[in-house]
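Subject: Structure for your review, with notes

Dear colleague,

I am handing over the structure below, and my notes on it follow directly after. Please read them alongside the coordinates.

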Amino acid sequence: MLVWTMILLGQYKDWQTRAREEVLQVFGYERPDIDGLNHLKVVNMIFNEVLRLYPPLVVLRRFVHEETKLRNLILPAGTLLQLNTMLLHHDQDVWGKDVYEFKPERFAKGVLKATKGQASYLPFGGGPPMEKTIAVCVTGVAAAILVLLVWRVLNFLWLKPKKMEKFLRDQGLKGTRYRFMAGDLKELEKLREEARSKPMSVTDHNIVPRVLTFLHKSVAAHGKLCFTWIGVTPMVHISDPTMMREVLANHFQFQKSRGGNPLTKLLVRGLLDVETDQWVKHRKIINPAFHVEKLKHMVPAFYVSCSEMIQKWEEMIAKETSCEVDVWSHLQTLTADVISRTAFGSSFEEGRKIFELQSELSALVMKAATSVYIPGSKFLPTKSNKRMKEIDWKVKVMVKSIIDKRVIAMKAGESINDDLLGILLDSNYKEMKQQGNNNFGLSIEEIIVECKLFYFAGQETTAIMLVWTMILLGQYKDWQTRAREEVLHVFGHGRPDIDGLNHLKVVNMIFHEVLRLYPPVTLLRRMVHEKTKLGNIILPAGTLLQLNTLLLHHDQDVWGEDVYKFKPERFSEGVLKATKGQPSYLPFGGGPRICIGQNLAMLEAKMALAMILQRFSFNLSPSYSHAPHIILTLKAQFGAHLILHKL
Ligand code: HEM
């Protein structure tokens, strides 16, 4: 009944309008109550007409058990009678020539008048009065459900967004006009597609217009502090360092954004996703695994993984003095390998398999996440859904088997391994012991989730940082030479060690400048769950905040006129001097939820670059096409084609 009503009202907009007018007149925007519902005349007429044209039950059946007289007919025992409600409702002789027209007005004076007292309208059957009562109740409940449903949908899709828009505008905030249901998503997608079709000049680092075209346009039109729409949700853009600091510092108030495709939960869980007290607990237990002291035990693993990559490059060059390589896939393998070794130590072969499965899962989830999500569709037994669940389960089993072996070894008194998992298990055990309660620690399930997260959060981001570094050094050969001179000065052709890596000043400056111009994570999102004050503005509950790291890193007012130039020297006296003490450099986020793996990533990247510089010089290949683009992180759309020369 409801579905036909919505279909018909979707077609007969005049009746939809009349019904809405009545509803708004009776309830305004308040919650409908029973008294009001019982007085909805137009809505009632509409339902009656819907039930006439599209009665949910089209026939009624009765059985004759013994010979029975019906008017002039004698029906033998065993006859089945079919009362054709639908035929009756569509009978021209009964309803007139306009029988097939949708005309709720025929019920303007009630059912009795419309049927001229005949029993020609039987959507709820007929007979003893009891059934009539039920029928009346059912219509009432259906009316209530429909009105509530319509009101909720209307509120969700239109009234609430418009109310929020007004609230923001009244405070002087500018932004795009709310567009029904999709907000700015359609335009955003259109502009993104257009931008993706045009590569940039290699020397051009003003990438915002290409990678964040819609945001760039919005900021130009409405200012740096403005709002746009992700569907029905207003998104306030923040690019001011002080405001960003305020948001990042208050992680209880400004929480990670939720919603979207629930399948992303298969990838983003654990520390990156938990909130409030849960986050405090997780972070406290995981922190020791990333402690600077512990990192030195991971340096040998970095070395082995880098050596493998370099060996491959050397084999590729063997016959020539140089060769062209798209280094992107190699760097991805490198960083995956590093996580496998640093997370699982001796079990890194299993770790590798886990990574392969995780990256297949990641591709499937990304595909699902970028298409429109239909609620409940994750339960459908599609090929992709089945594979995602299968991988999720397989990875869980594999990580659990590694953990089980470790736990047994720990209980047998064996020394803990210095890999992330070993330190994590140890830290978890200490926490439980200290609190005297197993509930204070992480469960095995939670530890599995954290191990999986290391791949998601740490692999691609570090590979991206390295790929942009190689692209930029392939272009700025003077900086490549300076970096190599420093590396050779510190290590010669020997094996890089942690002390030396921590003293590479030029390499450090280069990484900072790469992360400024091409931060792998270009934006951070937070959600406001209740009315919240930020600076001078009050944000209504349900507002999304987007902290635009890339915009901040490319802000002329902050970095000066040479903002788009690759100038590592701006970091020669450290980040604090370069930013003049402002929180205007946030490649790893900020506040308490700052990236837990930043030291690991920096050390790993330094090892990789030092070893590359010791053995090769490189420049951009003519086939390199400069096309940064964002798919979650800031990638090189067509890869990173470089010419490697053996030194
Ligand atoms: C260049 C490499 C990396 C970059 C640019 C990067 C960037 C970031 C950023 C911007 C955040 C903050 C997200 C937010 O506030 O919403 C973050 C958080 C995080 N990162 Fe990284 N990351 C990198 C490497 C790593 C590595 C190697 C790991 C682990 C192996 C890692 C694990 C995490 C985790 C677990 C969080 C969540 C921290 C929390 O919420 O407490 N990251 N990262």
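H20 and H23 are roughly perpendicular to each other, a class that takes in angles of 65 to 115 degrees, whereas angles under 35 count as roughly parallel, over 145 as roughly antiparallel and the rest as oblique. The axes of H20 and helix H23 (residues 505-517) cross at roughly 105° and come within 10 Å; such axes are lines fitted to C-alpha atoms, for helices over the stretch in contact, with angles running from 0 to 180 degrees between N-to-C directions. On the H20 side the contact is made by Met 465, Trp 468, Thr 469 and Leu 472, and on the H23 side by Ile 510, Phe 511, Val 514 and Leu 515, where contact requires C-beta atoms, placed from the backbone, to lie within 7 Å. By class, this contact of H20 with H23 has 7 nonpolar residues, 1 polar residue and no charged residues; Ala, Val, Leu, Ile, Met, Phe, Trp, Tyr, Cys and Pro count as nonpolar, Asp, Glu, Lys and Arg as charged, and the others, Gly among them, as polar.

Before going further, please note that this is a predicted model, in which local features need pLDDT of at least 70 and side-chain atom pairs count only at pLDDT 80 or more, while totals for chains, interfaces and linings use all residues. Residues are numbered from 1 along each chain as its sequence is written. Helices (H or I, at least four residues) and strands (E, at least two) are DSSP runs, numbered from the N terminus.

Trp 4, Thr 5 and Leu 8 in H1 meet Ile 46, Phe 47 and Val 50 in H4, and by class the contact of H1 with H4 has 5 nonpolar residues, 1 polar residue and no charged residues.

Turning to the cores, the largest nonpolar core has 125 residues, and those with the most contacts inside it are Met 465, Val 467, Met 470, Val 514, Ala 608, Ala 610 and Ala 640. A nonpolar core here is a set of buried Ala, Val, Leu, Ile, Met, Phe, Trp, Tyr and Cys residues joined through C-beta atoms within 7 Å, and a residue is buried if 20 or more other C-beta atoms lie within 10 Å of its own, exposed if 12 or fewer, and partly exposed in between. Helix H20 (residues 444-475) provides the largest share of this core, 19 residues. Leaving aside neighbours within four places in sequence, Met 470 is in contact with Val 327, Phe 618, Ala 640 and Leu 642. There is also a second, separate core of 20 residues, which includes Trp 15, Leu 40, Phe 107 and Tyr 121.

Gln 459 also lies in helix H20 and counts as buried, with 24 C-beta neighbours inside 10 Å. Residues up to four places away in sequence not being counted, Gln 459 touches Thr 335, Ala 336 and Ile 339. Between Gln 459 and Phe 588, which are 129 residues apart in sequence, the C-alpha to C-alpha distance is 14 Å.

The UniProt annotation "binding site", from an unreviewed entry, covers Cys 595; UniProt positions are given in the numbering used here, feature names are shortened, and annotations may be inferred rather than shown by experiment. Cys 595 is found in the loop between helix H26 (574-578) and helix H27 (598-615), and with 19 C-beta neighbours inside 10 Å it counts as partly exposed.

Two backbone angles deserve a look. Most residues other than glycine have a negative phi. Met 181, however, has a positive phi near 65° and lies in the loop between strand E5 (174-175) and helix H9 (185-196), partly exposed with 14 other C-beta atoms within 10 Å. Leu 632 has a positive phi near 70° and lies in the loop between strand E15 (628-631) and strand E16 (633-636), where Leu 632 is partly exposed, with 17 other C-beta atoms within 10 Å.

With best regards

Conventions:
Contact = placed C-beta atoms within 7 Å.
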